[in-house]
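Dear colleague,

Here is the structure I promised to pass on. Please open it first, then read my notes below.

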Amino acid sequence: MNSKSLKTLEYDKIIKMLEQHADSEPGKELCRKLLPSIDIKEIQKAQDETEDAVSRLFRKGSTSFGDNKDLRFAVKSLEVGSTLSAPELLRLAAQLNNAGRIKSYGEREKEEDPTDTLDEYFENLHPLTQLANEINRCILAEDEIADDASPALKSIRRQITATGDKIHSELRQMVNGSLKTYLQDSVITMRDNRYCIPVKAEYKSAVPGMIHDQSSTGSTFFIEPSSIVSLNNKIRELMLDEKKEIEKILADLSYSCAAHTEEIAENQKILTELDFIFAKGKLALDMNATKPQYNRKHYLNLRKARHPLLDKKHVVPIDINLGRDFDLLIVTGPNTGGKTVSLKTVGLLSLMGQAGMHVPCSDRSELCIFNDIFADIGDEQSIEQSLSTFSSHMVNIVEILKKADRHSLCLFDELGAGTDPTEGAALAISILSHLHEQGIRTMATTHYSELKLFALSTDGVENASCEFSVESLRPTYRLLIGIPGKSNAFAISQKLGLPEFIIDRAKEQISSENESFEDVISDLEQNRITIENERKEIAEYKEKIRTLQEQLHAKNEKIDQAKDRILREANEMARDILQEAKDIADETIRDINKAAHSGDMKSLENTRSKVRDSISDKNNKLSKRPEKQIKADLKGLVDPAKLKKGDSVKIISMNLKGTVATLPDSKGNLFVLCGIIRTQTNVNDLAYSQEEEIKAPQLSRTGAGSIKMSKAMHVSSEINLLGKTSDEALAELEKYLDDAYIAHIPSVRVVHGKGTGALRNAVHSYLKRQKIVADYRLGEYGEGDAGVTIVTFK
């Protein structure tokens, strides 16, 4: 890729954003060196690694690579047999600890967790835990070696402490005893690492010993008494022994590290690569970017593409395709309408994709491999080189025409501008025709009407425009492919207050052909808006019809289920009645036979009465329902004279509730609306339905009240599970889905947040097992992204 286009398309700013997401200096250095590739295998590998990093960040959260230091010099020193210093050994131990932590982060928590392209990186890390622990045991800080680093060091330091205590003991006796009057202060001090006492100048000859220093005023001499000289010498010797022992400890540790230089070097390489890969993953999450699909047919199709340097909350996504039905796209429209941003979006997203970064687009966006991307965007007027705006652009265009081939992408902003409009338009058409004939993917912006006509009359060339609202004088930033745009200069000027007579005079300067062409464009735009609005209405109607069909299907299923249940219960009841009748008949026959043999007519009459009473009792039970159930479900039988449309009733034979749709005719027949089903029945088969009574809270103004309403009216289309554990969330979700399904809500929104992904995974696992759920998916851009799941009911 040529460096000029990288700068023009602001690729360097993307690299700076990527660098901020890396933790270690080696990782940042790798980010700074990242350039787009033209090798499809290398690009696919980098995209897969970025995707797997995003997946791990979702599942496990972020991790840190901050202890990954540049140890290349230390490794080289170990290879030639040098001894590392304490700070170098500590940095090496920190890297080994970091390798162990990252290796644990990369391990799969469950056997069923998916494998990915990063597994090999994590598996090849060598924590060398024993070596790291030994270094940390021996070296407490950059300037402190532990006493337990070796038995010899511990012995030496014990002797230094004992000798120092002995010196202090003797000097305290002198300070507080015979020499007290000779001293400037009753203190013990150090000079040249030897213990001394401050003696007044006039008494220096009275204190035998070695003079090590004198105060600035000359009134005090710091003398080492002769009685402790040998002890001070012993401490000096012990300190030299301590230094030698520390050097030996560092040499031993360095020798141990030298045996693992290959592992240490490989650890640094892997940690640096992982830091770089996870930086791409974090940037993808920050941009809400997705993995692009690469094709070998040399076309790109970006869905809901956003420029990554614009605020993602305010940028308007655009749909762009180039190279499939046409290889030249000419974008027109007013200034500040988004034409240049569209150009840069195509170029920058192509560079990002080929660098292995995800791009801020919707899923299933497609890119292709460009060997080079050329961009002539912006004003590069040069006073030093005596180049005008037109000349500077033409220098770039000449260079582009020399180097571009069918595997290149060319981007031109305001092609042919800066000179006579007629000549500029002719040059622009000629340049674009040359590129089009070579099959080079090209995108250009312009204000020239001639280029719009060129696109309309040439195969493989397409117009596009950036939508502009004349009413609000604001661009909508939507890119409309297939429709040429207007500059809207007259409309904008009139809105801003330019006198109408000046605008009319300006219109007279335009040829009738140009004016007619602009009118055609205006009519096309108006027709497009009308068609788009009608398409939206049709889509809404289709959605309503689909919802009604689903509700009707659900109602029919419930009716079929109720019918099956009623028939099954009736069959079971009939079987029980027949069995009971058979038992009674058998018992009665036995009693009659006994009475006939004995001639006991009284006993026979008692048996007959018993059978009659049993039959009457059964008839009474079958002819009426239990009194408690009647009171629970019905207010009373329907009075045809008092029945009104909209009354809540219950069809007794079908056990269905509904509302009266028509008044009964002379025969008592009427229609009842049960949900969305219109059912014909007779008034004698109706009873008033007892709706569930919901008590309203007491208010100081009106007292307590009660409201009769259906539960379904209060089911929200969204449930918020944020802050709950998986068990709490699933219990609440189960009840909510039942209520929403009964309320015939076609789809609901489950808010679970992004976090570590544990709650989202639990929700998805639960939804898979629900028979009432037809489908579920993560929210798209604007719906809540990965923090929301959209559930559609059957």
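How many residues does helix 21 have, and how far does helix 21 reach from its first C-alpha to its last? Helix 21 runs over residues 726-742 and has 17 residues. Its reach is 24 Å, close to the 24 Å expected at 1.5 Å a residue. Keep in mind throughout that this is a predicted model.

**Helix 21**

The buried residues of helix 21 are Ala 729, Leu 733, Tyr 736, Leu 737 and Ala 740. They cover an arc of only 105 degrees around the axis, so they sit on the same side of helix 21. What do these buried residues pack against? Their partners are strand 25 (718-720), strand 26 (747-751), helix 22 (758-768) and strand 28 (788-793).

The face turned away from the buried side carries the exposed residues Asp 727, Lys 735 and Ile 742. Lys 735 has a relative accessible area of 55%. Lys 735 also forms a salt bridge with Asp 739, with the closest N and O atoms 3.1 Å apart. The two residues are separated by about one helical turn, because they are four residues apart in helix 21. Asp 739 is partly exposed, at 28% relative accessible area.

Just after helix 21 comes His 744, with a positive phi of about 65 degrees.

**Other positive phi values**

Most residues other than glycine have a negative phi. Two more exceptions are worth a look.

- Leu 128 has a phi near 45 degrees. Leu 128 lies in the loop between helix 7 (119-123) and helix 8 (129-138). Leu 128 is buried, with a relative accessible area of 18%.
- Arg 364 has a positive phi of about 65 degrees. Its place is the loop between helix 12 (339-354) and strand 11 (366-367). Arg 364 is exposed, at 58% relative accessible area.

**Salt bridges**

The count comes to 28 salt bridges. One of them joins the side chains of Asp 23 and Lys 282, at 3.5 Å from N to O. This pair links distant parts of the chain, 259 residues apart. Asp 23 is in the loop between helix 2 and helix 3 (25-32), while Lys 282 is in helix 11 (residues 261-287). Lys 282 counts as buried, at 15% relative accessibility.

Glu 25 forms a salt bridge with Arg 32, and the closest N and O atoms are 2.8 Å apart. Glu 25 is partly exposed, at 48% relative accessibility. Arg 32 is also partly exposed, with a relative accessible area of 36%.

Glu 19 belongs to helix 2 (residues 11-20). At 19% relative accessibility, Glu 19 counts as buried, because the cut-off is under 20%. Leaving aside neighbours within four places in sequence, Glu 19 is in contact with Lys 28, Cys 31 and Arg 32.

**Ile 566 and Met 654**

Ile 566 is found in helix 18 (residues 512-598). Ile 566 is partly exposed, with a relative accessible area of 31%. Which residues does Ile 566 touch, not counting those up to four places away in sequence? They are Ser 653 and Met 654. Ile 566 and Met 654 are 88 residues apart along the chain, yet their C-alpha atoms are separated by 8.5 Å.

**A nonpolar surface patch**

Leu 498, Phe 501 and Ile 502 form a nonpolar patch on the surface. Together they have about 270 Å² of accessible area. Phe 501 lies in helix 17 (residues 500-508). Phe 501 is exposed, at 51% relative accessible area.

**The whole chain**

The protein chain has 22 helices and 28 strands. Of its 794 residues, 40% count as buried. The accessible surface comes to about 44,500 Å², and 51% of that belongs to carbon and sulfur atoms. Among contacts with a separation of 6 or more, 66% are between residues 24 or more positions apart.

Best wishes

Technical notes
Residues are numbered from 1 along each chain as its sequence is written. This is a predicted model: local features need pLDDT of at least 70, side-chain atom pairs count only at pLDDT 80 or more; totals for chains, interfaces and linings use all residues. Side-chain values use heavy atoms; hydrogens and water are left out. The expected span of a helix is 1.5 Å times one less than its number of residues. Buried means under 20% relative accessible area, exposed over 50%, partly exposed in between (1.4 Å probe, protein chains only). The arc is that of the directions from the helix axis to the C-beta atoms. Contact means heavy atoms within 4.5 Å. Patches are made of residues with over 30% relative accessible area and no salt bridge: like charges are joined within 9 Å, nonpolar side chains (Val, Leu, Ile, Met, Phe, Trp, Tyr) within 5 Å. Accessible areas come from the Shrake-Rupley method with a 1.4 Å probe; for residues, only the protein chains shown count as cover. A salt bridge is a side-chain nitrogen of Lys or Arg within 4 Å of a carboxyl oxygen of Asp or Glu.
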